[in-house]
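Please examine the sequence and the three-dimensional structure shown below.

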Amino acid sequence: MEKHQIHYGTQPIDFWIERKDVKNVNLNIKPDMSIAVSANEKVPLSFIYDFVKSKGSWILKNVKQFEDVLPLKQSEREYVSGESFKYLGKQYRLRVEPSTEEKVKYFRGFIHLLVSDPTDYCKKEQLMEAWYNEKAYKVFGESLNKMVVVMKKYGVDKPALDIRVMKARWGSAHIDNKTILINTELIKAPKYCIDYVILHELIHFKYNNHSESFYNMLFALMPDWEKRKKILDEEIVREL
């Protein structure tokens, strides 16, 4: 990938170009707020520059939202009653309750954080992260079981599933290890967005690239995948 820069008015916009066997020029703002453009080798650099400029207003608007929202949310995260946490695309209020049995549970529209010392920030953070990880394995596993049925007829067997917090992607396919790695933060997205990411990675076991054949299969199996991806990149990413 090569780094480039254009100016939208007086505002510089840095972006990375990756040459791929793709039909269209694609632009994405990653969860780490970097801007990635993928384009075929035959597409002139001048065309890509004009394309990024045409998206200038949208890019600056969304990057500013990420910059404004992310630090604020991180600094405000205190794990106290009334705080809002995202889970499967919806916001839920937290209820912190003293208890000798330390755990997190979802019940009647609230996330209940049971902890022996409600003032122990580190313990509360640890319990919440463990709960998100547990739910991630369960929900991602269910999605994998569902999506792999679709891929069976194309000769794709069920790979192993692993999760990890990743800054710049929602998932990746490790072909040699027969494993898909999914971003733990994806548990904050709606299930239909999770299904999109899982299917995307499964298709890589058939086409280990982003070629026209890859996207033809993705369109055939999930015609509204672009809508799902847009929700991930423009809405869910703000909660990370």
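The text that follows treats confidence, a sheet and its helices, a pocket and some loop residues.

The structure is a predicted model, in which local features need pLDDT of at least 70 and side-chain atom pairs count only at pLDDT 80 or more, while totals for chains, interfaces and linings use all residues. Residues are numbered from 1 along each chain as its sequence is written, and side-chain values use heavy atoms, with hydrogens and water left out.

Confidence is given as pLDDT, the predictor's confidence in each residue, from 0 to 100. The protein chain has a mean pLDDT of 89, with 92% of its residues at 70 or more. Helices (H or I, at least four residues) and strands (E, at least two) are DSSP runs, numbered from the N terminus. Where pLDDT is low, the predicted coordinates should not be read in detail.

Three strands form an open sheet in the order 9-11-10, with mixed pairing; two strands pair if DSSP finds at least two bridges between them. Strand 9 (160-164) and strand 10 (171-174) each have a single partner strand and stand at the edges, so one side of each is left without a neighbour in the sheet. From one strand to the next, the twist averages 20°. For such angles, axes are lines fitted to C-alpha atoms, for helices over the stretch in contact, and the values run from 0 to 180 degrees between N-to-C directions.

Strand 9 and strand 11 run parallel and are joined by five bridges; D162 has L181 as its bridge partner in strand 11. Strand 10 and strand 11 (residues 179-183) run antiparallel, with four bridges between them. In this pairing A173 has I180 as its bridge partner, and H174 stands opposite T179. The hairpin of strand 10 and strand 11 has four residues between the strands, and K178 takes a positive phi near 50° there.

How many residues of strand 11 are buried? Five of the five are, so strand 11 is largely enclosed by the rest of the structure. Buried means under 20% relative accessible area, exposed over 50%, and partly exposed in between (1.4 Å probe, protein chains only). T179, L181 and N183 point one way from the strand, whereas I180 and I182 point the other way.

Helix 4 (residues 191-203) lies across strand 10 and strand 11, and runs at about 150° to strand 11. Helix 3 (residues 121-152) packs on the sheet by touching strand 9 and strand 11, and its direction makes about 145° with that of strand 9.

Helix 6 (residues 225-234) is largely enclosed by the rest of the structure, because seven of its ten residues are buried. The buried residues are W225, R228, K229, I231, L232, D233 and E234. Helix 6 also gives the most to the lining of the largest pocket, with seven residues.

The largest pocket has a volume of about 1,400 Å³. Of the 45 residues that line this pocket, N28, K30, Y196, Y215 and K229 are the closest to its centre. The elements that give two or more residues to the lining include strand 2 (11-19), strand 3 (26-29), strand 10, helix 4 and helix 5 (212-221). On a 1 Å grid over the protein atoms alone, a pocket is an open set of points where a 1.4 Å probe fits, with protein on both sides within 12 Å along at least five of seven lines; lining residues have an atom within 4 Å of a point. Grid points are joined across faces, edges and corners, and a volume is the space filled by probe spheres set on the points.

Some loop residues complete the reading. The loop between helix 2 and strand 5 (84-87) holds E78, which is partly exposed at a relative accessible area of 46%. Leaving aside neighbours within four places in sequence, E78 is in contact with E83, Y121 and K124. Y79 is found in the loop between helix 2 and strand 5 and is buried, with a relative accessible area of 7%; its phi is near 60°, a positive value in a residue other than glycine. R108, in the loop between strand 7 (103-107) and strand 8 (110-115), has a positive phi of about 50° although it is not a glycine, and counts as exposed at 70% relative accessibility.

Technical notes: Contact = heavy atoms within 4.5 Å.
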